[in-house]
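Please read this briefing alongside the sequence and the model. The notes are grouped by topic.

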Amino acid sequence: MSVVAEPEPEADPEADPKAEPESEAQLEARFQAVIARKDRIEPRDWMPDAYRRTLVRQVAQHAHSEIIGMQPEGSWISRAPSLRRKAILLAKVQDEAGHGLYLYSAAETLGVSRQELTEMLISGRQKYSSIFNYPTLSYADMGTIGWLVDGAAICNQVPLCRTSFGPYGRAMIRICKEESFHQRQGYELLATMMRGTDEQRAMVQESVDRFWWPSLMMFGPPDDASPNTAQSMAWGVKTHTNDELRQRFVDMTVPQAAALGVTLPDPDLVWNAERGAHDFGQPDWDELWAVVKGNGPCNTQRVAHRKRAWDEGAWVREAALAFANGTGTGTDDNDNDNDGTEPA
Ligand SMILES: [Fe+2]
Ligand SMILES: [Fe+2]
């Protein structure tokens, strides 16, 4: 089959053709009631424009992070120290591509195309996680990224499985399962290196020293400098503040660092028995803002690489579209019915 039939519009069994259209206030009240009972908003439901804009921004930023995040690790696939390490890293980077695609699909249900989103990324109008603007300087970074960066991602993303927008929450459920594997493989790599030579242990420590603070920055600015948090929480888009999630990450990571035998590079990190949580130092927030504004060590390189891949893939998108529309004329075998048989 080469032509896809237009689907018939689905009949809404509850729609009464004689009913008056609902007023904006009624629609808003219905939306708020769904949020209040912690149910899901679905793509065809009415939603306030600001809710839609917030979600497009957040889901797109998340999708871009998955795709840009393939670069710092992808550059080590050809330099993996063994076949086993190469297979693990390849599988992990491939998972990240899948995460990007689920999330672009979720964003598309809000009325923006993947093409528009990618163009906003490569023209700098949409952002991705600041962490991917740091370079990967040794193979130990493959372990540290899995352990700390995917670990921070898990802290951020597990609560998002219950976010109020249905397609986003459902994408997160599958993504979180894969992120657990990512964190485990990173921890296992570091644990193996820590059982190795002094030189390997030094590589791990040096890598953790570089990635610790940028990992804390992944949760975003402190709550008092995060103006969108309150509205996002009221809409059920976010369920925890940046500082709550950062605290959870630190408390989860400290015992893992002790088990590995690495030192987290924060002299203020100490258990606070009264709070039942760790006290810790603040990242350099000026550095975060510099990276977010495009002045991190690798921003230019990451976006240029993405743009090159997008431009070089144009012919694939055109060919796929022509095939889907049944207008492809690129065969010379007179077998245009695409049924997999040889031409007669
Ligand atoms: Fe991911
Ligand atoms: Fe991951």
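A residue counts as buried under 20% relative accessible area, as exposed over 50%, and as partly exposed in between, with a 1.4 Å probe and protein chains only. By that rule H99 is buried, because its relative accessible area is 0%. This is a predicted model, in which local features need pLDDT of at least 70 and side-chain atom pairs count only at pLDDT 80 or more, while totals for chains, interfaces and linings use all residues. Residues are numbered from 1 along each chain as its sequence is written, chains are lettered from A and ligands numbered from 1 in the order in which they are written, and side-chain values use heavy atoms, with hydrogens and water left out.

**Overall chain**

- The protein chain has 13 helices and two strands; these are DSSP runs numbered from the N terminus, with helices being H or I of at least four residues and strands E of at least two.
- Of its 344 residues, 45% count as buried.
- The accessible surface of the protein chain comes to about 18,800 Å², and 55% of this belongs to carbon and sulfur atoms. Areas come from the Shrake-Rupley method with a 1.4 Å probe, and for residues only the protein chains shown count as cover.
- Among contacts in the protein chain with a separation of 6 or more, 76% are between residues 24 or more positions apart; a contact means heavy atoms within 4.5 Å.

**Iron ion (ligand 1)**

- E66 (OE), E96 (OE), H99 (ND1) and E179 (OE) coordinate the iron ion (ligand 1) at 2.0 to 2.2 Å. Donors are N, O and S atoms within 2.8 Å of the metal (3.2 Å for Na, K and Ca), and water is not among the atoms, so sites may look incomplete.
- The spacing of these donor residues in sequence is E-x29-E-x2-H-x79-E.
- The arrangement around the iron ion (ligand 1) is irregular because its four donor atoms subtend angles of 84 to 143°. Four donors count as tetrahedral if all angles lie between 85 and 135 degrees; four count as square planar and six as octahedral if opposite donors are over 155 degrees apart and all others between 65 and 115; anything else is irregular.
- E96 and H99 are three residues apart in helix α4 (residues 83–108), so about one helical turn separates them.
- E96 counts as buried because its relative accessibility is 5%.

**Iron ion (ligand 2)**

- E96 bridges the iron ion (ligand 1) and the iron ion (ligand 2), which lie 3.3 Å apart.
- The iron ion (ligand 2) is coordinated at 2.0 to 2.2 Å by E96 (OE), D150 (OD), E179 (OE) and H182 (ND1).
- Along the chain, the donors of the iron ion (ligand 2) follow the spacing E-x53-D-x28-E-x2-H. D150 in helix α6 (residues 140–157) and H182 in helix α7 (residues 166–194) link distant parts of the chain, 32 residues apart.
- Both D150 and H182 are buried.
- The four donor atoms around the iron ion (ligand 2) subtend angles of 86 to 162°, so this arrangement is irregular.

**R85**

- R85 lies in helix α4 and is buried, with a relative accessible area of 9%.
- Apart from neighbours within four places in sequence, R85 is in contact with A80, Y139, E188, L189 and T192.

**Cysteines**

- The structure holds zero disulfides, a disulfide being a pair of cysteine sulfur atoms within 2.5 Å.
- The closest cysteine sulfur to that of C176 is in C161, at 3.9 Å, which is too far for a bond.
- C176 counts as buried at 9% relative accessibility, and C298 counts as buried at 5%.
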